[in-house]
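Student: Please take a close look at the aromatic pairs in this structure. Then place them in the setting of the two chains.

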Amino acid sequence: MMEGLDDGPDFLSEEDRGLKAINVDLQSDAALQVDISDALSERDKVKFTVHTKSSLPNFKQNEFSVVRQHEEFIWLHDSFIENEDYAGYIIPPAPPRPDFDASREKLQKLGEGEGSMTKEEFTKMKQELEAEYLAIFKKTVAMHEVFLCRVAAHPILRKDLNFHVFLEYNQDLSVRGKNKKEKLEDFFKNMVKSADGVIVSGVKDVDDFFEHERTFLLEYHNRVKDASAKSDRMTRSHKSAADDYNRIGSSLYALGTQDSTDICKFFLKVSELFDKTRKIEARVSADEDLKLSDLLKYYLRESQAAKDLLYRRSRSLVDYENANKALDKARAKNKDVLQAETSQQLCCQKFEKISESAKQELIDFKTRRVAAFRKNLVELAELELKHAKVSFVT
Amino acid sequence: MVQNLQKLCSMMTEKIFLQIINSLRAEATEEVSLDSPEREPILSSEPSPAVTPVTPTTLIAPRIESKSLSAPVIFDRSREEIEEEANGDVFDIEIGVSDPEKVGDGMNAYMAYRVTTKTSLSMFSKSEFSVKRRFSDFLGLHSKLASKYLHVGYIVPPAPEKSIVGMTKVKVGKEDSSSTEFVEKRRAALERYLQRTVKHPTLLQDPDLRQFLESSELPRAVNTQALSGAGILRMVNKAADAVNKMTIKMNESDAWFEEKQQQFENLDQQLRKLHASVEALVCHRKELSANTAAFAKSAAMLGNSEDHTALSRALSQLAEVEEKIDQLHQEQAFADFYMFSELLSDYIRLIAAVKGVFDHRMKCWQKWEDAQITLLKKRETEAKMMVANKPDKIQQAKNEIREWEAKVQQGERDFEQISKTIRKEVGRFEKERVKDFKTVIIKYLESLVQTQQQLIKYWEAFLPEAKAIA
């Protein structure tokens, strides 16, 4: 493996490999392969080029591409959530909105402070910020891709009509983002849902498997949230320490050029050393960010989706029990028995369907999670080792 | 021509120096050996960029054992000093400041430090002795040396600064980590201060210094208190000096001085900037260490709740690794601070002392100028008296002229003396600076290298665990 000391290609390729690996175990069969082949960042929008290769008969061609924006991904995700048929599956979590604000702010501050630094410092910081921008960009592309791949790999979701439209329809889907009224509605819906969730979770589950899963997921979700936040903070301080190296390097350089004694060469050398160290430290923190923080963040969202699944199941269980009670009441009063029976039937079916698929989904979730953690932890350790060895040699 | 004369004068003073104190052959041979070619390959890391430390692995190995968090001894007997001894040098005096002890209680409490001297110099009565001193004793020593030597052009190393907040916390008896850190910081600063002072050959001869190091009881230096009469007088003097500096327009005949002053200004600015960056680094590293510890705990909890056994074990291992790394970061932060940052702040203060010396030279010149002007006036008065023909006043004028002529000559001599001393001092200062920076930075880099080595060890231990997740 090349010990690439220049930022360009090495940085990119590592990230590519790393990000694709968040989701292991995706059967990439020839039937349906989706990826994001290109992405363009405009003023405040990112345009993704979604490229599909498929041998399924429903598509007009075998290979095609469309341009999509973030809102359209969210629309697709929401359509899955709202679809009752998919209540029994873990819906892959939606990718987060591309957020370049922080990076843009920094670039602006840099531009304002241009007068107060030396030319070398300015170019160095500019390069750094550009690399950061690039990194965030690549991350958001990867997250959108992961979402699509998960959908494509899911045996049921891949057949969804909306999904096919999303992949194929090469004109604008004219999906507008939710306006204020709809956002408010969403907010209320969420509140009701969480209140309901509390009520529903009080119901003890008959099935041991689900009961165990529920307690486990609850705890796990909280802990992952905590770990993800702390890991974020850790990578951030790592990054600021690396930034400091940058400043120290340039101060030493200035000292070296201005000094008249024979220590000047020494200073120049040490400043070079600091520069290299900084690059390595920055890469270490970026890798940590990638392997650890991102992994935890992703599983935070996934465990939330799994919790949602369990909630939906419990909800349907409660409905089922209510329907049972209603049926009993109706039988007792001998009124509307048929109606009650049919509704009870429906509930029963729904509940069983959900339970079945939920079980499988949760088992899959666990396998996926274990594999992903393994892969990422191994890669994290290997990368840390590689960097430590490089900086040791330097 | 003047410069040759000055060089001759300096060489002669050196000879006198050597004759008076025959145990200190160091000065001349020290200056020679620092420049001799055989030292180049040892000191310089220029030949290949991959060579980091001057000293081989022998210095790295013992470091692994000593995990104590006290400040490293900077002026260790490195190979260079042993080499000097082989050349026939007997510049042999080692000073250590240790065992800070709290004496007394309440607001009258103070910290007493043990000052240990190991020497083979004949001017001391014993070869190894120690005394107890408190902070104000150090300040008293400095003010005595400063009053004796600063105005003749010697660069007297500045004493560590007072800190009312820090000391009050210690006095009040808060046994937390910040007050122990403060005491440790002060102890290290006092040690460096003494070591710098004894390295100066002229100051070493001073009887006050000897008394400080040797005698078991020292008269309490009351003039060092901030709110005493002497303290206020000092502040007033400082203000007056600042005003004077602005008004003196010196006719610089020697470009060397102007150049050097400019250089020191630049150096001061650069060091301040560097110091600020290093302090930021220390701060961030401490933050990183705290965050890593928090993450380690969180990861351990996550491992607990994970029901897949292998993954759970791996996560707990990760938590342990991160904890160790946190410890490592803390130590690195310590090294950052004690080696790098304190060195820089010491030098910033030293440069202030150097600037002070330059200012004294200006004041000396001013005195000389004033004397010349007065002499001129007296001559004018004499001429006037001659014209007015007043015999008694003439005699008085002639006396005054003689007096002022002598003063002018004295002024000139003083000025030349101070210029010469400053040149020598600056040369010495530069050499010391080069040596200091090189030693400390190399040590610092060694510590960085060691951190990386440890990191390697930790991650290598973790990797098989991660791989073992089924």
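Tutor: This is a predicted model. Over all chains, a search of the whole structure finds 16 aromatic pairs. Two pairs in chain B deserve a slow look.

Start with B:Phe138 and B:Phe212. Their ring centres are 5.1 Å apart. The planes of B:Phe138 and B:Phe212 stand at 70 degrees, and angles over 60 count as edge-to-face, so this pair is edge-to-face. B:Phe138 belongs to helix 6 (residues 135-149) of chain B, while B:Phe212 belongs to helix 10 (residues 207-214) of chain B. The pair therefore ties together parts that are 74 residues apart in sequence. Buried or exposed, at 0% relative accessibility, is B:Phe138? B:Phe138 counts as buried, because the cut-off is under 20%. B:Phe212 has 1% relative accessibility and also counts as buried.

Now take B:Phe264 and B:Phe358. Here the ring centres lie 6.2 Å apart. The planes make an angle of 55 degrees, so the pair of B:Phe264 and B:Phe358 is tilted. B:Phe264 sits in helix 12 (residues 255-305) of chain B. B:Phe358 sits in helix 13 (residues 309-388) of chain B. This pair ties together parts that are 94 residues apart in sequence. B:Phe264 is buried, with a relative accessible area of 2%. B:Phe358 counts as buried too, at 2% relative accessibility.

B:Phe264 and B:Phe358 also belong to a cluster. A:Arg68 lies over the face of A:Phe166, 5.4 Å from the ring centre.

Stay in chain B for two further residues. B:Ile442 lies in helix 14 (residues 391-467) of chain B. B:Ile442 counts as buried, at 9% relative accessibility. B:Ile442 and B:Met339 are 103 residues apart in sequence, and their C-alpha atoms are 9.9 Å apart in space. B:Asp99 is in strand 1 (residues 93-103) of chain B. Most residues other than glycine have a negative phi. B:Asp99 is not a glycine, yet its phi is positive, about 45 degrees. B:Asp99 counts as partly exposed, with 43% relative accessibility.

Chain B has 14 helices and three strands. Of its 470 residues, 47% are buried. Take the contacts in chain B between residues at least 6 apart in sequence: 77% of them join residues at least 24 apart. Chain B exposes about 24100 Å², and carbon and sulfur atoms supply 57% of that area.

Chain A has nine helices and three strands. Along the sequence, the pattern in chain A is α-β-β-β-α-α-α-α-α-α-α-α. Buried residues account for 49% of the 394 residues in chain A. Among contacts in chain A between residues at least 6 apart in sequence, 75% join residues at least 24 apart. The accessible surface of chain A is about 20100 Å². Carbon and sulfur atoms hold 55% of the accessible surface of chain A.

Helix 2 (residues 70-82) of chain A and helix 4 (residues 119-153) of chain A have axes that come within 12 Å and cross at roughly 35 degrees. The crossing of helix 2 of chain A with helix 4 of chain A is left-handed. From helix 2 of chain A, the contact uses A:His70, A:Phe73, A:Leu76, A:His77 and A:Phe80. From helix 4 of chain A come A:His144, A:Phe147, A:Leu148 and A:Val151.

A:Asp289 is placed in helix 8 (residues 263-333) of chain A. With a relative accessible area of 19%, A:Asp289 is buried, because the cut-off is under 20%. A:Asp289 and A:Asp232 are 57 residues apart in sequence but 7.1 Å apart in space, C-alpha to C-alpha. Leaving aside neighbours within four places in sequence, A:Asp289 is in contact with A:Lys139, A:Asp232, A:Thr235 and A:Asp294.

Terms used:
Residues are numbered from 1 along each chain as its sequence is written. Chains are lettered from A and ligands numbered from 1 in the order in which they are written. This is a predicted model: local features need pLDDT of at least 70, side-chain atom pairs count only at pLDDT 80 or more; totals for chains, interfaces and linings use all residues. Side-chain values use heavy atoms; hydrogens and water are left out. Helices (H or I, at least four residues) and strands (E, at least two) are DSSP runs, numbered from the N terminus. Buried means under 20% relative accessible area, exposed over 50%, partly exposed in between (1.4 Å probe, protein chains only). Contact means heavy atoms within 4.5 Å. Accessible areas come from the Shrake-Rupley method with a 1.4 Å probe; for residues, only the protein chains shown count as cover. Rings of Phe, Tyr and Trp (its six-membered ring) pair if their centres lie within 6.5 Å; planes under 30 degrees apart count as stacked, over 60 as edge-to-face and the rest as tilted. A charge sits over a ring if NZ of Lys or CZ of Arg is within 6 Å of the ring centre and within 35 degrees of the ring normal. Axes are lines fitted to C-alpha atoms, for helices over the stretch in contact, and angles run from 0 to 180 degrees between N-to-C directions. A crossing is left-handed if the near helix is turned anticlockwise from the far one by less than a right angle, and right-handed if clockwise.
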